[in-house]
Amino acid sequence: MKKLFLLSAMALSLSFGAGAQSHCCHDGGHCYDDRYGRRLVWSEEFDKDGKPDPKVWNFENGFVRNHEDQWYQPDNARISDGRLIIEARNIKSEKRRNPRFDSSKPEKWPNKKFIDYTSSCLITRDNFDFQYGTVEVRAKIPTAGGAWPAIWLLGNGPWPENGEIDMMEYYRINGVPHILANACWGSDTPYNAVWDSAKIPFSHFTEKDPDWASKFHIWRMDWDEKAIKLYLDGELLNEIPLSDTVNGKIGKGSNAMKNRKYLLVNLAIGGDNGGKIDDSAFPMPYEIDYIRVYQ
């Protein structure tokens with residue numbers, strides 16, 4: 001079993017909110033990883049069954065972004081057998097009303113009368129953020145119709161000037177499944193991001209391994225003052241020079257990738273990119289074995 005140990009205070013580029021703890025898994029030498037030449041300074045090993053640790057994770061609630069079909073709520077996330085499980089559910093038969101529905105306004109997203117699907121989005125904002133390092137996530141993602149799982153990071157402040165890094169997204173482009181590795185920052189126009197996106201057809205992975213979707217895989221980000229490198233199972237998917245990630249006029253020329261970032265993991269359903277939802281695929285689990293940050 002993986003174990004959690006506390007790190008002593010260190011002069012590292014980390015920030016922890018009130019009550020949060022820096023964790024180090026230590027089952028035979030994980031505190032220092034020769035692969036990266038860095039020390040493990042924070043991790044979530046998901047060893048304790050039950051709800052995610054409220055000292056580490058916050059939750060989004062409701063219909064949040066991208067016209068997605070799921071209602072975010074904490075109840076869809078649990079820890080079991082050493083894994084975080086985010087389970088999307090089809091609740092159409094419950095006829096559950098949207099508590100934020102306003103009958104005086106048009107019935108369209110997010111002012112939907114009923115909630116058809118539920119899921120969870122977990123974030124470390126206000127509890128843990130960091131600047132530069134290596135992030136490693138071992139996960140098994142859902143790939144059915146409508147699935148839009150993600151591992152990503154954001155800085156504090158308005159989007160996109162705060163900078164977004166997508167270590168992993170899976171969704172359909174013109175009906176074709178893809179895995180994406182992206183980053184974005186601000187332009188001269190409000191809410192109009194500049195994107196550096198790698199869009200790899202899912203067939204690139206399944207042609208090598210037809211059972212790819214049934215297995216756990218390792219997503220990794222190496223982030224320093226010069227570049228962001230995004231990997232999947234050791235294969236470099238995208239390299240983004242920080243010389244490119246400069247905000248436009250709204251961000252006053254600041255660099256969107258030289259600020260602190262917090263982590264997000266979520267399973268969205270449908271919306272702008274998830275594609276046609278396969279109702280036979282529910283309940284739909286997204287499983288995460290661990291999340292580790294090295295510096």
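A charge is taken to sit over an aromatic ring if NZ of Lys or CZ of Arg is within 6 Å of the ring centre and within 35 degrees of the ring normal. In the predicted model examined here, Arg-97 lies over the face of Phe-114, at 5.9 Å from the ring centre. A further case is provided by Arg-220, whose charged end is placed over the ring of Tyr-231 at 3.8 Å from its centre.

Contacts between aromatic rings were then considered. A pair of aromatic rings is described by the distance of the centres and the angle of the planes. With centres required to lie within 6.5 Å, the count comes to 11 aromatic pairs. In one of them, the ring centres of Phe-202 and Trp-212 are 5.3 Å apart and the planes stand at 85 degrees, so the pair is classed as edge-to-face. This pair links distant parts of the chain, 10 residues apart: Phe-202 belongs to the loop between β19 (193–201) and α1 (203–206), and Trp-212 to the loop between α1 and β20 (217–223). Phe-202 counts as buried, at 10% relative accessibility, and Trp-212 is likewise buried, with a relative accessible area of 4%. Trp-212 also pairs with Trp-219; here the centres are 6.2 Å apart and the planes are at 85 degrees, so this contact is edge-to-face as well. Both Trp-212 and Trp-219 are buried. Elsewhere, ring pairs join Trp-42, Phe-128, Phe-130, Tyr-132 and Trp-223 into a cluster.

The surroundings of Phe-59 were examined separately. Phe-59 is found in strand β6 (residues 58–59) and is partly exposed, with a relative accessible area of 22%. Leaving aside residues up to four places away in sequence, Phe-59 touches Pro-52, Gln-73, Pro-74, Ala-77, Ser-120, Cys-121 and Leu-122. The C-alpha atoms of Phe-59 and Tyr-72 are 8.0 Å apart in space, the two residues being 13 residues apart in sequence.

The largest pocket holds about 590 Å³ of space. It is lined by 28 residues, of which Arg-65, Asn-66, Trp-159, Glu-164 and Trp-195 are the closest to its centre. Two or more lining residues are given by each of β16 (147–154), β17 (164–173), β19, β23 (262–269) and α2 (271–274). Strand β17 supplies the largest share of the lining, 6 residues. By class, the lining of the largest pocket comprises 10 nonpolar, 9 polar and 9 charged residues.

Methods:
Residues numbered from 1 in each chain as written. Predicted model: local features only at pLDDT ≥ 70, side-chain atom pairs only at ≥ 80, totals over all residues. Heavy atoms only, no water. Phe/Tyr/Trp six-rings, centres within 6.5 Å; stacked < 30°, edge-to-face > 60°. Helix = DSSP H or I, 4+ residues; strand = E, 2+ residues; numbered from the N terminus. Buried < 20%, exposed > 50% of the residue type's maximum accessible area, 1.4 Å probe, protein only. 1 Å grid on protein atoms, 1.4 Å probe; cavity = no way out; pocket = protein on both sides within 12 Å on 5 of 7 lines; lining within 4 Å. Points joined across faces, edges and corners; volume = space filled by probe spheres on them. Nonpolar A, V, L, I, M, F, W, Y, C, P; charged D, E, K, R; others polar. Contact = heavy atoms within 4.5 Å.
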